[in-house]
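Hi,

Here is the structure I said I'd pass on.

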Amino acid sequence: MTIELAPGSPIGSATTRRDGPAKVTGAARYPAELQPDGLLHAVMVTSTVPSGTITAIDAERVMTMPGVQLVLTHHNAASLSPPLLFPFGAALQGLLPLQDDRVTFFGQPVAVVVADTFEQATDAASSLQVSYDTAAFVPDLGDSRATSFGAGDCAQMAEVVPNYARGDAGSALETAEVTLDVTYTSPRQYHCAMELHSSTASWSPDGSLTVWEPAQWTAGLRATISRWFKLPLEQIHVISPYIGGGFGSKGGAHPHTTLAIVAARELGRPVRLVLTRPQQFGFVSPRPATSNRIRLGADRDGKLTALTYDAVNEISFYDLYVEPSGSLATRTYQVPNLRVDYRFTRVNAVTPASLRAPGEAIGSFALESAMDELAVALDIDPIELRLRNYAEHDQVSGKPWSANNLRTTYELGARAFGWQRRDPRPGSMRDGTELIGWGMAGGSFPAYSAASAAKVRVHADGTVEVLTSATDLGTGTYTLLAQVAADVFDIDADAVTVRLGDTDFPEACASGGSTLAGSITPVVYQAARAARDDLIRLASEATGQDAGRRVHPVGLSFADLLAAAGRPLVEAAYDTFGDVSEQQRAQSYGTLDTFRMPDAGTHSVHSWSAVFAEVAVDEDLGTIRLRRLLGAFDCGRVLNPTTARSQMIGGMVMATGAALLEAGVVDARLGRLANPNLAEYMLPVNADIPDIEVLFVNEPDPYSNPLGSRGIGEMSMTGTIAAIANAVHHATGKRVRDLPILMEKML
């Protein structure tokens, strides 16, 4: 049942970010800025070869350098236990650093130097000499030595890979009136958050451990640390009040955390380890390079009869990971005969992992580009082709959509963009020497949810406090939870204090997968209602009459009520873990056991989008300039239009980078990334981005959660890359199927 909100409710109002002033004034303290007493500084030393074994490390010489306290190598590092890997747990890599002499990728940790100051640690780390016996390596997907395997060849992969088939796609393709057979490729893409990964560890005399780390999932990090070190959960405290960007890279645990913890235990003092920017590229899991072959079959009217999607993504030599790029193909359109298969290629690189809209970002580029190619081949308007193949229900589960306003997003976007003025002929629109292209694409993202908990306190001074271990990735969690509590108590949101990112608070799910807002806001709402009901009971007792639903009976403040009751505060907790034992709750802590798929209920819950792009391509130079970008989104009830619009703009900017600029370039001779820095890994800047228009359908979804909202953080990535690519084709008649779309590919 969807909660009905009163007119003027703080929920749904366009309020500014609660954490904004603290961030822009420097008052917000990020994990790497905290200064425990006696802090030491660690610097990671990484391999300079992509494959081989370590033969020598001159640790003794470096130990004599000024300020050096410790050199950790595989000779003296403590042993670690395997973590629970995503998607079953929170560890993004299975690598256990400094456990042996084997090297499998350029940038792998081979030592850690700890010193009194950061400068001393940096100097010593740069002086540490490491020798290797090198071995043959596979640098990337295109290498002749690379071999691939499918899910059927690996039992572990078969557990998680969503291979799928319905009907007989092979036979349907053979008999189709019109067919399309195309392959779309993408390079490694990196998160490039402003805040570097870091970990600060401090052991207490009683054996308890505190870790300050930017983490999108504090419970997941805590559970992974517990497994690495075989420590009880109650001995581990993770604190992450602010995150300077993550986009998935901080959604799980990376092995650098173990190095800070081991060093801190060895030295008996707090130790901080901050990765360098090049180490971010070499050691933190990126979106993998992919190859996506799509074959479409259709009749002359554009009705799809068959679709096959063969996806390949690179993986490391020590882990497994699937980039589920074929997921959109299974559900977006009504196709009777469909097959999606995944294959994997091992390369000498760090294990890839999730980057904003994992699977959907690249999958929508491939699928929606293919739909555009089919529209051109059949001379059908791209929107019309999509409408002819509109799926009236979920094609995988067979369940009805909870709410599908995809048609509405097409209509809203097309009207606002002026789509009716588009000349469909490629190269037909121009502005002086620039060829003008208009492109569009649809998108979808599943509405996941997960069990979460929160506590709400009402203090005698009139303030309301919300506590949960959930984190604010930059998406507005501080703001949304204040709005929710303010609605319940009928107070200004400024009177609400939200405390996040601390595992001493009630457990919440990850800020990732567009899951957190939809999972935690109803929980806070219910906890606040329980606290409000307690206050109303106190009001009735204090006045001797029924207080009705009023939290503030005439003449009685929170202070009056609590003083009369002899209580310093009222508090209430609420969670959505259900009727499970404490043992079951402990076993599922920091895992995805409570993760709820979008079609787990009676309906299939997804968000939808239509994105429109205008580009200008210089006909002589081939330079591409984005001139307009518009997105129309159906994401259920919009809880805060200001933060929601910001999320959509941010995702569309990221997608623009993926479409036109970003590529991790591999030097195949050395097996390393050639551009591991922000000077050469090209990202969009202000001059690259025009005004972006964002439109919302803003209709509550009765099946998503009690507030009728759906996640939005990743929705903006789906469809945007394809819309830009389709606009480039419309401008020039040239179809670029290999990201990014660079000027040299226009010539």
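**Overall size and what's inside**

Keep in mind that this is a predicted model. A compact globule of 747 residues would have a radius of gyration near 27 Å, and the protein chain comes out at 27 Å, so the two agree.

On secondary structure, the protein chain has 18 helices and 27 strands. Take the contacts between residues at least 6 apart in sequence: 80% of them join residues at least 24 apart.

Now the inside. Buried residues account for 60% of the 747 in the protein chain. The largest nonpolar core has 97 residues, and L296, F612, V615 and I741 are the ones that touch the most other members. Helix α10 (residues 360-378) gives this core its largest share, ten residues. There is another core apart from it, with 50 residues, including I11, A508, C509 and A531.

Leaving out residues up to four places away in sequence, V615 touches L435, I436, G437, I624, R625, L626, R627, I724, A727, V728 and A731.

Charges: 59 positive side chains and 82 negative ones, with the centres of the two sets 2 Å apart.

Cheers

How values were computed: Residues are numbered from 1 along each chain as its sequence is written. This is a predicted model: local features need pLDDT of at least 70, side-chain atom pairs count only at pLDDT 80 or more; totals for chains, interfaces and linings use all residues. Side-chain values use heavy atoms; hydrogens and water are left out. Helices (H or I, at least four residues) and strands (E, at least two) are DSSP runs, numbered from the N terminus. The radius of gyration is taken over C-alpha atoms; the globule rule is 2.2 Å times the number of residues to the power 0.38. Buried means under 20% relative accessible area, exposed over 50%, partly exposed in between (1.4 Å probe, protein chains only). Contact means heavy atoms within 4.5 Å. Lys and Arg count as positive and Asp and Glu as negative; His and the chain ends are not counted. The place of a charge is taken as NZ of Lys, CZ of Arg, CG of Asp or CD of Glu. A nonpolar core is a set of buried Ala, Val, Leu, Ile, Met, Phe, Trp, Tyr and Cys residues joined through side-chain atoms within 4.5 Å.
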